[in-house]
Amino acid sequence: MTIDTVTDVFEEHRPVLLGVAYRMLGRVADAEDVVQEAWLRWSGADRGDVREPRGYLVRITTRLAIDRLRQIKARNEAYVGPWLPEPYVTDFGDVVPDTAERAVLADSVSLAVLVVMESLSPLERAVFVLREAFGYPYADIAALLDREEPAVRQLAGRARRHVEERRPRYEVDPAQRRDFTERFLAAAAEGDLGALMSLLAPDVRLVGDSGGKSKAPVRIIETADKVGRFLIGAARKGVPDMSFRAVELNGGPAVVVLSGDEVVTVFQVDIADGRIQSVYLLSNPDKLQSLSA
């Protein structure tokens, strides 16, 4: 391969590699580091025996992500307060035209699923991502991970059961989520507790992630009354020169809160049975850098 061809092949598969790495790690910066390391290995490798570049690159990326995930799990043991993944801008555009496939990809990168996946082992998470998000056959996953196929099937089954048992139930209809997000923002911004309460499920949960580096609840807040009053109080305090920006994050509509040009908070809601079941509030500045760029 010429240098141009080597680069072109890698860039063709970069979105898939980044998608695998982010779902494995939950942080954009870590995912980008892994993909960059995969590029270095690809560009310096003897590619004479490489028959299928995509499989080769996914194999490198997955193994690097497993190693990085083990480091992250040790680092997260000292994390202050609830943990949420770093927000990930998702815009499948014309790359994924099929509605069913788009729904699967959006679900696999949702905050609810990524939070549950944190409790999987690195190998379980790798198998879950490759199988559930990208549809790899068990035999191919076994080859990618140098494992026997029966062992991979066992890992996949265990990971799937774990995720299904623990993840919150929610609707993925983008139009409905967008409508609720807009009404939620309007009620909170206007300080209308009644309107806000009408949107919240009785057992709604608010998960705030500040990492101890900004103002956010260090424990999960539960029940509509407590969540509603917290949000109204936070809205009244506000931030200087506050503005909002709508964006698609982690497969669904979200709102970015800015103070001038600085991103200070991101929030997203999950819907089920016509009510908001979960509110995610992310204000850790380390996790907002990619949205400020």
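H13 is in contact with P53, R54 and L57, leaving aside its neighbours within four places in sequence. H13 belongs to helix α1 and has a relative accessibility of 10%, so it counts as buried, the cut-off being under 20%. The model described here is predicted.

**Aromatic pairs**

- The whole structure contains 4 aromatic pairs.
- One of these is formed by Y22 and Y88, with ring centres 4.2 Å apart and planes at 15 degrees, so the pair is stacked; the cut-off for stacking is under 30 degrees.
- Y22 is part of helix α1 (residues 3-25), while Y88 is in the loop between α3 (53-76) and α4 (99-108), so the pair ties together parts that lie 66 residues apart in sequence.
- Y22 and Y88 are both buried.
- In general, the distance of the centres and the angle of the planes are what describe a pair of aromatic rings.

**Charges over rings**

- R131 has its charged end over the ring of Y138, at 4.1 Å from the centre of that ring.
- Over the face of F180 lies R183, 5.0 Å from the ring centre.

**Helix α7**

- Helix α7 covers residues 138-145, and its buried residues are Y138, I141, A142, L144 and L145.
- Viewed down the axis of α7, the buried residues fall within an arc of 160 degrees, so they line one face of the helix.
- An α-helix has 3.6 residues a turn, so residues three or four places apart point the same way.
- Y138, buried in this helix, is also the residue whose ring has the charged end of R131 over it.
- After α7 comes D146, which has a positive phi, near 55 degrees.

**The largest pocket**

- The largest pocket holds about 830 Å³ of space.
- It is lined by 32 residues, of which K215, A234, G238, V239 and T265 are the closest to its centre.
- Two or more lining residues come from each of these helices: α9 (174-189), α11 (224-237) and α12 (289-292).
- The strands that give two or more residues to the lining are β3 (242-249), β4 (252-259), β5 (262-272) and β6 (275-282).
- Helix α11 provides the largest share of the lining, 6 residues.

Technical notes
Residues are numbered from 1 along each chain as its sequence is written. This is a predicted model: local features need pLDDT of at least 70, side-chain atom pairs count only at pLDDT 80 or more; totals for chains, interfaces and linings use all residues. Side-chain values use heavy atoms; hydrogens and water are left out. Rings of Phe, Tyr and Trp (its six-membered ring) pair if their centres lie within 6.5 Å; planes under 30 degrees apart count as stacked, over 60 as edge-to-face and the rest as tilted. Helices (H or I, at least four residues) and strands (E, at least two) are DSSP runs, numbered from the N terminus. Buried means under 20% relative accessible area, exposed over 50%, partly exposed in between (1.4 Å probe, protein chains only). A charge sits over a ring if NZ of Lys or CZ of Arg is within 6 Å of the ring centre and within 35 degrees of the ring normal. Contact means heavy atoms within 4.5 Å. The arc is that of the directions from the helix axis to the C-beta atoms. On a 1 Å grid over the protein atoms alone, a cavity is a set of points where a 1.4 Å probe fits but cannot get out, and a pocket is an open set with protein on both sides within 12 Å along at least five of seven lines; lining residues have an atom within 4 Å of a point. Grid points are joined across faces, edges and corners, and a volume is the space filled by probe spheres set on the points.
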